[in-house]
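Open the model in your viewer and keep the sequence panel at hand. The stops below can be selected in order.

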Amino acid sequence: MAEVKKFKSFLAEFNETCCRIGKNPKDITILGASKGQQVDSIKLAFEEGIKHFGENFLQEAEQKISEIGNLPTWHFIGSIQSRKAKRIASLFHWVQTVDRLKVARKLNENRPQEMEKLNVCIQVNPDNEESKSGVPLAGTKNLIGELAQLERLRVRGLMSIPAPTKDFEQQRKRFGRIRSCFEDLKAIYPQLDTLSMGMSEDYEAAILEGSTMIRIGTNIFGARN
Ligand SMILES: *Cc1c(COP(=O)(O)O)cnc(C)c1O
């Protein structure tokens, strides 16, 4: 099938890239950004070794997760409307797009006791783009301090979608600023272990700058519906 081929060629390319730049592919989690993709494609990717998937829309995710089940690790990577926080808190293993305390509190209150703590990342908006959600880098320290006190959450790190550019050096520079912020936070909160940055077009620059999780849609699944 075309999808499997696409997928295998991405994995080969990813391994080759890691090798060329001196990174261990095992240190980097590949998350399949599966919005707009069919359940069958996600199952195939899972069989081929992708264990993490990210969904952007709650309703779509509810349907897919009820069909596919909880063997994969499910990440919410879309923007969070606070009235949906309750359902998000009981459906996902991770929420990568926390950008305000109000939402974090709702996730915390609604994380069912019988489930493990909800893993969360703060979404940052390093270039202060108006069209994007996320906290300015300077605001991360405060927010992490607040999140660390919420009992049902486990703060893991930062997630970012920097302003797109085709210029490799610019990509590196942008990811580098996020990494340096992450390092500063880690000095205070050593439990932080996740830097989620890099997508199909810029993942090489991201892993060069220390990304631990890349979110890949197009390069794994092909164009989405
Ligand atoms: C869709 C999406 C991706 C993947 O984008 P591609 O360019 O298709 O790899 C990554 N992160 C987020 C938050 C997304 O919404």
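Predicted model: local features only at pLDDT ≥ 70, side-chain atom pairs only at ≥ 80, totals over all residues.

**Cores**

Start with Phe 14, Phe 92, Val 95, Leu 107, Leu 147, Leu 158 and Ile 214. Within the largest nonpolar core, which has 62 residues, these touch the most other members. Keep Leu 147 selected and show what surrounds it. Leaving aside neighbours within four places in sequence, Leu 147 is in contact with Val 98, Leu 101, Ala 104, Val 120, Ile 122 and Val 155. Next, select Ile 77, Trp 94, Cys 121 and Met 159, which are among the seven residues of a second, separate core.

Go to Arg 156, which lies in strand 6. Is Arg 156 buried or exposed? Its relative accessibility is 12%, so Arg 156 counts as buried, the cut-off being under 20%. With neighbours within four places in sequence left aside, its contacts are Trp 94, Asn 119, Val 120, Cys 121, Phe 182, Leu 192, Asp 193 and Thr 194. Two of these contacts, Trp 94 and Cys 121, were selected in the previous stop as members of the second core.

Then follow the chain to Asp 167, in the loop between strand 6 (153–160) and helix 7 (168–188). Asp 167 has a relative accessible area of 40% and is therefore partly exposed.

**Helix 6 and helix 7**

Helix 6 passes helix 7 in a right-handed crossing. To see where they meet, show Thr 140, Lys 141 and Ile 144 of helix 6 and Cys 181, Leu 185 and Ile 188 of helix 7. By class, this contact has four nonpolar, one polar and one charged residues.

**Helix 2 and helix 3**

Finish with helix 2 (residues 39–47) and helix 3 (residues 58–68), which pack at an angle of about 55 degrees with their axes 10 Å apart. Helix 2 and helix 3 are therefore oblique to each other, and helix 2 passes helix 3 in a right-handed crossing. Show the side chains of Val 39, Ile 42 and Lys 43 in helix 2, which meet Lys 64, Glu 67 and Ile 68 in helix 3. This contact has three nonpolar, no polar and three charged residues.

Technical notes: Residues numbered from 1 in each chain as written. Heavy atoms only, no water. Core = buried A, V, L, I, M, F, W, Y, C linked by side-chain atoms within 4.5 Å. Buried < 20%, exposed > 50% of the residue type's maximum accessible area, 1.4 Å probe, protein only. Contact = heavy atoms within 4.5 Å. Axes fitted to C-alpha atoms, helices over the stretch in contact; angles between N-to-C directions. Helix = DSSP H or I, 4+ residues; strand = E, 2+ residues; numbered from the N terminus. Parallel < 35°, antiparallel > 145°, perpendicular 65-115°, else oblique. Left-handed = near helix turned anticlockwise from the far one by under 90°. Nonpolar A, V, L, I, M, F, W, Y, C, P; charged D, E, K, R; others polar.
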